[in-house]
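Please consult the sequence and the 3D structure below.

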Amino acid sequence: AVTLFENSPISLRVILPAEEIPAITIHGEKRRHIYLAVKEALHNCLKHSEAQNCTLTMRLEDNALNISVSDDGKGFVAQQREQAGNGLRGMKKRMQQIAGVLDVETNERTRVNFMVPLNETV
């Protein structure tokens, strides 16, 4: 994420858990889906948001990995969301394939939330 925003006018803030992160193995396909879905959300922020700030937050809660990408950009209206390109559909499909959940909140800002259960084997 830091490298992606390195030459961007958007300031990136990364928030990780303050406590020590337990050693959890996330196998190949699941890890790949998480990586590509989050990368798409970050890319959408860079390409479409016209934001000044973006925040990537990762935390562990109730045996789930929760990742959110939020920005202070222009957001998008519900109709555009329904007609959105492959980006949102692809993120949703990736989360479904690993028993995860995608939630998108948008108005004047956008927040993309990913919840991935860690007890599932995919």
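This is a predicted model: local features need pLDDT of at least 70, side-chain atom pairs count only at pLDDT 80 or more; totals for chains, interfaces and linings use all residues.

Residues are numbered from 1 along each chain as its sequence is written, and side-chain values use heavy atoms, with hydrogens and water left out.

**Location and burial**
- With a relative accessible area of 19%, Asn113 is buried (under 20% relative accessible area, 1.4 Å probe, protein chains only).
- E5 is largely enclosed by the rest of the structure, because six of its eight residues are buried.

**Contacts of Asn113**
- The side chains of Asn113 and Glu105 form a polar contact at 3.3 Å (a pair of N or O atoms within 3.5 Å; within protein, one must be able to donate a hydrogen and the other to accept it, and residues adjacent in sequence count only if both atoms are side-chain atoms).
- Leaving aside residues up to four places away in sequence, Asn113 touches Ile67, Ser68, Val101, Leu102, Asp103 and Glu105 (heavy atoms within 4.5 Å).

**Strand pairing**
- E5 pairs with strand E3 (residues 64-71) in the antiparallel sense over eight bridges; pairing requires at least two DSSP bridges between two strands.
- Asn113 is the bridge partner of Ser68.
- Strand E4 (residues 101-106) runs antiparallel to E5 and is joined to it by six bridges.
- E4 and E5 form a hairpin with three residues between them, and Thr106 stands opposite Thr110 in E5.

Note on methods. Buried means under 20% relative accessible area, exposed over 50%, partly exposed in between (1.4 Å probe, protein chains only). Helices (H or I, at least four residues) and strands (E, at least two) are DSSP runs, numbered from the N terminus.
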